[in-house]
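Biologist: I am new to this structure and would like to learn how to read it. Could we go through it one feature at a time?

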Amino acid sequence: MTTQSSSIIIDGKLVAKKIRDEIASEVARIKGSTGIVPGLAVILVGSRKDSQTYVRNKKKACEEVGIESFEATLPEDCTEEDIIKHISDFNSNPSVHGILVQLPLPQHINEEKILNAVTIEKDVDGFHPLNIGRLAMQGRDPLFVPCTPKGCMELLHRYNIEIKGKRAVVIGRSNIVGMPAALLLQRANATISIVHSKTKNPEEIIRQADILISAAGVPNLVRGSWLKPGAVVIDVGINAVDDSESPRGYKLVGDVCFGEASSVASAITPVPGGVGPMTIAMLLSNTLSSVKRIHDLK
Ligand SMILES: Nc1nc2c(c(=O)[nH]1)N[C@@H](CN(C=O)c1ccc(C(=O)N[C@@H](CCC(=O)O)C(=O)O)cc1)CN2
């Protein structure tokens, strides 16, 4: 007889709501005691529907917690200089405590040049090379940690999942998720491996994971049989697949076959409703830390 266990579902939507409520109280306390209103500036280039939705959701989340939002929307064919001009204005605007440039940028724009222009003190996305460099170094601390990987770590902490001494595998090595997620797990004293598109026998490495963070962007890549029984699975993938039954014509699925994995893992994040909502909650959290640091508030 085989016993089928089922895993704890890590509810990112619920945790993100709790964090937003905590941030709203803090923002109200700061406003009440100092009159300072935290401000977040978002720069959107082009007209990608998904980016427009994320930016709209960021503005709405700011509004709900009492953070003032600033926005610059630029056309697809704008120049790097146009974007940098807006960044410079926000860098020197004392009402703005956080600045982000929504990614991806159009092909003709040099992402590195743009991200380097955001002052490190307001880099609430944590993408500036100085912040990433500090994250990678022993004994140094970044001013900000990228939001999605920070959200993954927050979920592990809030569900009391021990990281120290565990074997952690990260699938994907992107600058915005995979690489910083691996660095954060290492800083939390896990032993890490990174699996990527050129890795030989990825299943063999993934099967060793006590904690798996998948950020591959490939729908249903990870099968239940690839997991170590009892592993904790954090699925960062948000992949749209055709679905004629959905009004949108598509549905969102993760990198991990949820049905198979949930009978092997001890805990797992769903898609949607897992890591995604944590990204925006962590952005608000970084903006709150920024206003506190800039104004030397407790
Ligand atoms: N400058 C940045 N650009 C991008 C980032 C980022 O952190 N900074 N991350 C992603 C997009 N992103 C935020 O910008 C983001 C992605 C997904 C979600 C989310 O809540 N997803 C939901 C599903 C939403 C849906 O139904 O469509 C979920 O997973 O439950 C929030 C933010 C790339 N660009």
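Modeller: Gladly! Let us begin with the labels: helices (H or I, at least four residues) and strands (E, at least two) are DSSP runs, numbered from the N terminus. With those labels, Pro272 falls in the loop between β11 (267-268) and α10. Please keep in mind that this is a predicted model.

Biologist: How many helices and strands does the protein chain have?

Modeller: The protein chain has 10 helices and 11 strands. Its radius of gyration is 20 Å, close to the 19 Å from the globule rule for 298 residues, so the chain is as compact as a globular protein of that length. Along the principal axes, the C-alpha trace spans about 65 × 45 × 40 Å.

Biologist: Which domains does the assignment give?

Modeller: The domain assignment gives domain 1 (37-121) and domain 2 (146-275). Their C-alpha centres are 28 Å apart.

Biologist: Now the inside. How should I think about a core, and which residues have the most contacts inside the largest one?

Modeller: In general, nonpolar side chains in soluble globular proteins tend to be buried together. Here, the largest nonpolar core has 83 residues, and Leu212, Val233 and Leu284 have the most contacts inside it. Helix α10 (residues 275-294) gives the most to this core, with 9 residues. Domain 1 and domain 2 each supply at least three residues to this core. If we set aside neighbours within four places in sequence, Leu212 touches Val169, Ile206, Leu227, Ala231, Val233 and Ile234.

Biologist: Is Leu40 buried or exposed?

Modeller: The idea is to count neighbours: a residue is buried if 20 or more other C-beta atoms lie within 10 Å of its own. Leu40 has 28 C-beta neighbours inside 10 Å, so it counts as buried. Leu40 belongs to strand β2 (residues 39-45). Beyond four places in sequence, the contacts of Leu40 are Cys62, Ile67, Ser69, Gly98, Val124 and Thr287. Over the whole protein chain, 42% of the 298 residues count as buried.

Biologist: How many residues surround the ligand, and which are the closest?

Modeller: There are 18 residues around the ligand, and the closest are Tyr54, Leu103, Pro272, Gly276 and Thr279. Elements giving two or more residues to this shell are β4 (98-101), α6 (147-158) and α10. The helix α10 gives the most, with 4 residues. By class, the shell has 12 nonpolar, 5 polar and 1 charged residues.

Biologist: Why does the ligand lie between the domains?

Modeller: Both domain 1 and domain 2 give residues to the shell around the ligand, so it lies between them.

Biologist: Finally, how do I read backbone angles?

Modeller: Most residues other than glycine have a negative phi, and most peptide bonds are trans. In this model, the bond from Val271 to Pro272 is cis, with omega near -5°. Leu103 and Pro104 are also joined by a cis peptide bond, with omega about 5°. Pro104 sits in the loop between β4 and α4 (111-116).

Biologist: What is the phi of Asn160?

Modeller: The phi of Asn160 is near 55°, a positive value in a residue other than glycine. Asn160 is in the loop between α6 and β5 (167-171), and it is exposed, with 6 other C-beta atoms within 10 Å. Asp296, not a glycine either, has a positive phi of about 50°. Asp296 is in the segment after α10, and with 6 C-beta neighbours inside 10 Å it counts as exposed.

Methods
Residues numbered from 1 in each chain as written. Predicted model: local features only at pLDDT ≥ 70, side-chain atom pairs only at ≥ 80, totals over all residues. Core = buried A, V, L, I, M, F, W, Y, C linked by C-beta atoms within 7 Å. Buried ≥ 20, exposed ≤ 12 C-beta atoms within 10 Å, placed from the backbone. Domains from an automatic or database assignment. Contact = placed C-beta atoms within 7 Å. Near = placed C-beta within 6 Å. Nonpolar A, V, L, I, M, F, W, Y, C, P; charged D, E, K, R; others polar. Rg over C-alpha atoms; globule rule 2.2 N^0.38 Å.
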